[in-house]
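Here is a briefing on one protein model.

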Amino acid sequence: MTRAQEPGAPDLGAPSAGRRSLLSTVSQAKLRPAVSPEYLVSRPRLVRLLDDAVRAPLTLVVAPAGSGKTSLVRDWAARTSLPHAWLSVDEPDRDPAQLWRGILAALEGIAPGCSEPAARALRQRPLADALAVLLDDLEARPYDALVLVIDDLELVDDEPVTASLRTFVQRLPGWLHVVLVSRRVPDLPVDRLRARGMLGEVRFPELRFSDAEASAMLARLAPAMPADRVDEMSRQAEGWAASIQLAALAARSAAARADDVRADDVRADGGSDDRSAPGAVRRDDGARYLEDYVWHEVLRGEASDVVEVLTATAVVDRVDPRLAQALAGREDAPDLLARAEERGLFVARIEPAGSYEVHGLVREALVARLRRQDPARIAELHRLAARWYERDGQPVNALEHLLRAQEHRDALRLLASCVTALYESGRRSTVQRTLDAIPPNVALADPGAATDVAWCRLYVDRAGFVQTVDGLDARAHGLDPGAVDPGADGVGTAPSVRARLEVLRAVVAAIRGDWAGGAGLARAGLATMGDSWLLDPVVRYGWNLVAREIALAERWDDASAEVRKLALTIAAAPERRLALEGTRALGAALDGRPVDALRLVAGTREAADQVSMTMLRTELLTAEGIALREIGDRTAALPLLARLAAADCDPLPHCRLLACLELAQAHLDQGDLDAAGRAFAQAAEIVGAEVTGPGGRSLLARTGCLVALARGATDEARGWVDQVDDPFWSPVQGALVLLAGGEPGAVAGLLKDAEPRNARHRVVLDLLLARTAASPADAEEHLLRAVEPASAHGLVQTVASAGPEVVEAIERLAWRVPPGWLARLRRVPAPGTAVSSAALRERARSLTDRQLGILRMLPSRLTLREIADELYISVNTLKFHLKIIYRELDCGSRAEAAELARALVSPGRAQPSSTLRR
């Protein structure tokens, strides 16, 4: 049985006399879809999408010219099993009667006989009556689902045609589904139908060709085009079918020219003109074809004010309604863009922002014509866009348009004002790209421009920044105040340039590790600028240099007059105030207040992530790593420090240096001299190449002394002590050398010159004095004096690193020591000599997670009972596991197993289960 013979199917037999009469007035070509071209790429995903859409009473396939609307519906019609009728409308159908004759002729093909009464009514009565007759007739027919397709509806979407269609689509019989294909949304109750679930839609976003589909179509249209060019042009098409066909047309034209003039294009050197090679596309051809298509097919007949707004806004990718008003110079610009969207002119509203986006190739065509006709206006539009974006807080877009307008000095000014924010938010490439676009004559035009360039280079090229500032410094006395170009807010005046230069020199000093010298220069620059420091981003940075020097000098104290004044001053600059919190946390960690440091890190991290401040996050991570190690949490601290040591940390090399030094000391505590030596060598490399100043050398020397003492190289340690430039650490390191050399009696005299500046200093000093005290009573007094600030601030590792004899002495005073702090101290593994052996590691692989957890705790001073309590097991179970551990590691006691544990459980090894972390 054929489809026409099935129950509920219309009789599609010979047409009646009425139908023959009606068909005689309608061109038969309009009642069937055209044959799909051979190059058409089948897109099953869209056919399935349209299959779903036509289940609704009304389906709209709406997209701009050349989007592939008709091709899709044609492909669907060829594949569907649903009986369907087709009508392609044209200009004469603007007459409602003519249009409805065509609709009736199409409907006659799927609902035989429906056209006769309606056609009679159409000749004799008003259109509304004829529609009523048609709808009543259709409603009485018991058909299964049938489809009516009306193509090119945009040609007739004027009143009263749309009025009759509104009536028709709202009263469709249940079996009839209508598909309207148009360049723009017809004037129908679309919102109401959509809300009722009576509307299916296919729009341009769905019709866009994927890159793969575009490449397949382009390869069919232009087989000689090279594959890489096919892929490139497919991406440029942005899914627009017409642009793909135009690209192919340009390619074929290029190939034809190559065939005609191949002999003439052979160069004297035997080569050929690449533009004439088969399949090559001259951009002029493609652009010309595209421009012609846009103006002749897309914009032809559109209102001049709509075209004017589209042209004015074509210089931007996405246009905010307010920006459209600024570019077009008219308040109704947003309304005209909305009209362009309704008219199907490749304009799309982007929700929820409410901006508009015009297809990239359409914008190119608009700009191309404007560039030919009025190039000066192109530059002016870019300047208008740049000013609007800058006022709106979108510096990246503003920079792009300033460069396109050839406003290089303004671009440099803007970049200097926001370079820190751009870098902190991960837009380093934007900074570099803008700098690369600034011509040398602009960069060196005046001292203000030169300092702008130097400041911006800090964030993308540290070595180039240092060289630039050194060059400026050499010419500092040649600055001609009269030649300075005043800028906005006074930036560019002679005092501003001098202040900027002093701050830039301060940054160089800080990068090189001369933090004290850098802070002095920064203070000088701030003083030169006076109360106007807040107006200049370069000079504002000086306050953070002052803060960083206080932190690295280990004298950060929130209660001090120095820090209070600093914090109060920086409060006027929000971005500098937030950056200060990272320096504050680092200062707390270095001063021996790890709990405060971790609290600051936790309180600032969320804000740092929200504003994407890279340098702030780097200082916070450094502070966190130092603080975690200090409280005895090696499991968390060492991987964090290792990550920092391997990172660039640009432009804060001191953070990487601190991480390397902390790692070296951590390995010393574990007795792993090889690992400590590697970490120290990395730190020495940083100091030798980057942080070469006295501050960096002094930090390196302090750890160098400890590494040398661990190896028993006392003379080498003395050499390192001579390089420690710190009023506290120099005598302390010297005292350690005296103890190692067997001269404890000389320690007290040397330590008289030590000047403690923070809690950690006081703890270190009293622990040393306790080790060299003349009597047990004096030793006990110094120990208790050390325990007081250590327990108050959470210092654990500093005390544990003093040696097992110090920890034992504190344990004997347990009744006078805070129990919580003492418990943490006893959990820290005692320093010792690690044994590194691949064979031992291999044997340890047989241990369970539980046994590895026990092994990790053996170097601590916890008793077996306390270890069992930590792991929530009984002492007998613990002893059972210990027997297995001793057997597998071939050792006979806890002391031996503890020595092996320092080698077997290293920071680089994956940690066992969470039980071990309690």
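Buried means under 20% relative accessible area, exposed means over 50%, and partly exposed lies in between, with a 1.4 Å probe and protein chains only. The model is predicted: local features need pLDDT of at least 70, side-chain atom pairs count only at pLDDT 80 or more, and totals for chains, interfaces and linings use all residues. Residues are numbered from 1 along each chain as its sequence is written, and side-chain values use heavy atoms, with hydrogens and water left out. Helices (H or I, at least four residues) and strands (E, at least two) are DSSP runs, numbered from the N terminus.

**Helix faces**

- Helix 43 (residues 819-827) buries W821, L822, L825 and R826.
- These residues sit on the same side of helix 43, because they cover an arc of only 135° around the axis. The arc is taken over the directions from the helix axis to the C-beta atoms.
- The cover over the buried residues of helix 43 includes helix 40 (776-793), helix 41, helix 42 (804-812) and helix 46 (864-871). Contact here means heavy atoms within 4.5 Å.
- In helix 2 (residues 44-53), the buried residues are L46, V47, L50 and A53.
- They fall within an arc of 120° seen down the axis of helix 2, so they line one face of the helix.
- Strand 1 (58-62), helix 3 (69-79), strand 5 (199-202) and helix 9 (204-207) are among the elements that cover the buried residues of helix 2.

**Aromatic pairs**

- The whole structure holds nine aromatic pairs. Rings of Phe, Tyr and Trp (its six-membered ring) pair if their centres lie within 6.5 Å; planes under 30 degrees apart are stacked, over 60 edge-to-face, and the rest tilted.
- W388 and Y389 pair edge-to-face, at 5.4 Å centre to centre and 75° between the planes. Both W388 and Y389 are buried.
- F680 and W720 have ring centres 5.5 Å apart and planes at 90°, so this pair is edge-to-face.
- F680 lies in helix 34 (residues 673-689) and W720 in helix 36 (residues 714-721), so the pair ties together parts 40 residues apart in sequence. F680 and W720 are buried.
- Y423, W455, Y459 and Y541 are linked into a cluster by ring pairs.
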